[in-house]
Amino acid sequence: MACLNRRDLGLLVLRVGTGAVLAAHGSQKLFGWFGGGGLEATATGMEAMGFRPARPSAVAAGLSEAGGGALLALGLATPVAGAAAAGAMAGAVAVHAPAGFFNQAGGFEYPAFLGFTAASIGITGAGRYSLDHATWHRLDQPWVVAVAFLGGALAAAAVVGRRAKGQVGEQPAEAAGE
């Protein structure tokens, strides 16, 4: 046990735990696993939350969570995985923000925590006990970090912005102040 690096072991535990939670959550959306509704129910929910078009939004959220989570757990393409999961959680934060911060009131505490954790792992790297390390960090280069997080931030901003514009346009005239 003395030859194990505690920092890398800690990253392994954090990656696998966070990745598993995200992968399970995304699998609920995509496949209906673990008590989830599957893609059709997710698309219906996305429509109700103001994400349009609903089905592509459901697929994108599910793939970002399930795929990003699986890649985080494996420690493969860690910057891309972290950025994808963080972007999906940014959308979830936007949905839960009106309820405040704390989860028990329906707030954004939980998706924010998952998003920050995924982003932190994506920026930090997967550590020595990962597929990124085994593949000589080919998918974990500094430029990959920059491109993945810039792309993820732009995509999340576009999706959240489109949703916000749609919600303003859907308000009744009285609610819009007219």
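Visitor: Which residue follows H2, and is its phi positive or negative?

Guide: Gly50 follows H2, and its phi is positive, near 95°. Keep in mind that this is a predicted model.

Visitor: How do I read the packing of two helices?

Guide: Two packed helices are described by the angle between their axes and by the distance between those axes. Take helix H2 (residues 38-48) and helix H3 (residues 54-74): their axes come within 8 Å and cross at roughly 115°. That makes H2 roughly perpendicular to H3. The crossing of H2 past H3 is right-handed.

Visitor: Which residues make the contact between H2 and H3?

Guide: H2 brings Leu39, Glu40, Thr42, Ala43, Met46 and Glu47. H3 answers with Ala54, Arg55, Ser57, Ala58, Val59 and Ala61. By class, that contact of H2 with H3 has seven nonpolar, two polar and three charged residues.

Visitor: Which residues of H2 are buried?

Guide: Gly38, Leu39, Thr42, Ala43 and Met46 are the buried residues of H2. They span an arc of only 155° around the axis, so they lie on the same side of H2. Glu40, Thr44 and Ala48 are exposed on the other side.

Visitor: What covers the buried residues of H2?

Guide: The cover includes helix H1 (6-31) and H3.

Visitor: Next pair. At what angle do the axes of H4 and H5 cross?

Guide: Helix H4 (residues 78-96) and helix H5 (residues 109-124) cross at roughly 160°, with axes that come within 8 Å. An angle over 145 degrees counts as roughly antiparallel. H4 and H5 are therefore roughly antiparallel to each other. H4 passes H5 in a left-handed crossing.

Visitor: Which residues of H4 and H5 meet?

Guide: From H4, they are Thr78, Pro79, Gly82, Ala85, Ala86, Met89, Ala92, Val93 and His96. In H5, they meet Pro111, Ala112, Leu114, Gly115, Ala118, Ala119, Ile121 and Gly122. Sorted by class, the contact of H4 with H5 has 12 nonpolar, five polar and no charged residues.

Visitor: How do H1 and H5 pack?

Guide: Their angle is about 135°, and the axes of H1 and H5 are 10 Å apart. H1 and H5 are therefore oblique to each other. H1 passes H5 in a left-handed crossing.

Visitor: Which residues make the contact of H1 and H5?

Guide: On H1, look at Leu11, Leu14, Arg15, Thr18, Val21 and Leu22. On H5, look at Tyr110, Leu114, Thr117, Ala118, Ile121 and Thr124. The contact of H1 with H5 has eight nonpolar, three polar and one charged residues.

Technical notes:
Residues numbered from 1 in each chain as written. Predicted model: local features only at pLDDT ≥ 70, side-chain atom pairs only at ≥ 80, totals over all residues. Heavy atoms only, no water. Axes fitted to C-alpha atoms, helices over the stretch in contact; angles between N-to-C directions. Helix = DSSP H or I, 4+ residues; strand = E, 2+ residues; numbered from the N terminus. Parallel < 35°, antiparallel > 145°, perpendicular 65-115°, else oblique. Left-handed = near helix turned anticlockwise from the far one by under 90°. Contact = heavy atoms within 4.5 Å. Nonpolar A, V, L, I, M, F, W, Y, C, P; charged D, E, K, R; others polar. Buried < 20%, exposed > 50% of the residue type's maximum accessible area, 1.4 Å probe, protein only. Arc of directions from axis to C-beta.
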